[in-house]
Amino acid sequence: MGDYFERVVDIEATAEEAGPLAARVLDRLVAEGILTREPDREGMYSLYADEGFAAGPEWARALQTEPGWGPGPVAVITGRHHFVGGQGEDDAEYAVCPRCAARTTFIDYPNSFEPDERTWAPFRSAVEAWEAGGTGEATCPACATPSPVTDWQWGDPYALGTVCFEFWGWPPLSDAFVADLTARLGHRTVRHMGKF
Ligand SMILES: [Zn+2]
């Protein structure tokens with residue numbers, strides 16, 4: 001199960017606060033024995049980090065049930081990234097305008113599994129501009145208002161964030177652990193599961 005991952009993405013932290021915030025939360029996880037500071041990359045296929053941290057002696061406290069397998073490394077990712085759950089998809093399904101609440105659909109499931117390029121391309125470009133350090137505004141097709149990509153509400157499992165904890169090869173995390181991690185981050189988070 002080394003290619004299974006679960007991640008918790010902070011979707012509110014700014015790029016400036018990401019580094020110190022991730023370090024603080026990592027300190028707590030190490031203090032509690034969930035993680036160590038030992039570098040580990042075995043069975044990790046993250047798109048965002050080459051190396052993670054090895055699990056600590058208390059790692060199973062983060063799980064929903066008794067561990068049947070695992071654990072692999074945990075990557076602590078900072079910086080502006082788009083994250084997608086599932087199996088290697090890279091496109092958003094839809095986004096909701098922060099101004100008028102209209103939903104713009106990119107992938108018309110179940111009729112299609114590919115995004116409509118004409119609709120998706122400007123949004124993808126805006127996300128890329130944000131990742132490169134810009135504001136990254138996408139214009140709503142319904143109300144014609146441009147809004148920063150971080151203000152749009154993205155259809156699950158697509159998320160924009162600056163801090164992410166990515167658990168490789170861990171059995172499912174408990175809701176309580178994810179809620180606790182979210183409280184420590186102090187922001188809204190999105191949870192993804194997927195396979196590499
Ligand atoms: Zn709108």
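Me: Is Arg37 buried, partly exposed or exposed, judged by its relative accessible area?
Reply: In this predicted model, a residue counts as buried under 20% relative accessible area and as exposed over 50%. Arg37 has a relative accessible area of 45%, and is therefore partly exposed.

Me: Which residue forms a salt bridge with Arg37, and which parts does the pair tie together?
Reply: The closest N and O atoms of the salt bridge between Arg37 and Asp27 are 2.3 Å apart. Because Arg37 lies in strand 2 and Asp27 in helix 1, the pair ties together parts that are 10 residues apart in sequence.

Me: How many residues apart in sequence are the parts tied together by Asp3 and Lys195?
Reply: Asp3 forms a salt bridge with Lys195, and their closest N and O atoms are 3.2 Å apart. Asp3 lies in the segment before strand 1 whereas Lys195 belongs to strand 11, so the parts that this pair ties together are apart in sequence by 192 residues.

Me: What is the arrangement of the four donor atoms around the zinc ion?
Reply: The protein donors are the SG atoms of Cys97, Cys100, Cys140 and Cys143, which lie 2.3 to 2.4 Å from the zinc ion. Four donors count as tetrahedral if all angles lie between 85 and 135 degrees. Since the angles subtended by the four donor atoms are 106 to 112 degrees, the arrangement is tetrahedral.

Me: What is the spacing in sequence of the donor residues of the zinc ion, and how many residues apart are the parts tied together by Cys97 and Cys143?
Reply: The donor residues follow the spacing C-x2-C-x39-C-x2-C. Cys97 is in the loop between strand 5 and strand 6, while Cys143 is in the loop between strand 7 and strand 8, so the parts that the pair ties together are apart in sequence by 46 residues.

Me: Why do the buried residues of helix 3 lie on the same side of it?
Reply: The buried residues of helix 3 are Phe177, Val178, Leu181, Thr182, Arg184 and Leu185. They lie on the same side because the arc that they cover around the axis is only 160 degrees.

Terms used. Residues are numbered from 1 along each chain as its sequence is written. This is a predicted model: local features need pLDDT of at least 70, side-chain atom pairs count only at pLDDT 80 or more; totals for chains, interfaces and linings use all residues. Side-chain values use heavy atoms; hydrogens and water are left out. Donors are N, O and S atoms within 2.8 Å of the metal (3.2 Å for Na, K and Ca); water is not among the atoms, so sites may look incomplete. Four donors count as tetrahedral if all angles lie between 85 and 135 degrees; four count as square planar and six as octahedral if opposite donors are over 155 degrees apart and all others between 65 and 115; anything else is irregular. Helices (H or I, at least four residues) and strands (E, at least two) are DSSP runs, numbered from the N terminus. Buried means under 20% relative accessible area, exposed over 50%, partly exposed in between (1.4 Å probe, protein chains only). The arc is that of the directions from the helix axis to the C-beta atoms. A salt bridge is a side-chain nitrogen of Lys or Arg within 4 Å of a carboxyl oxygen of Asp or Glu.
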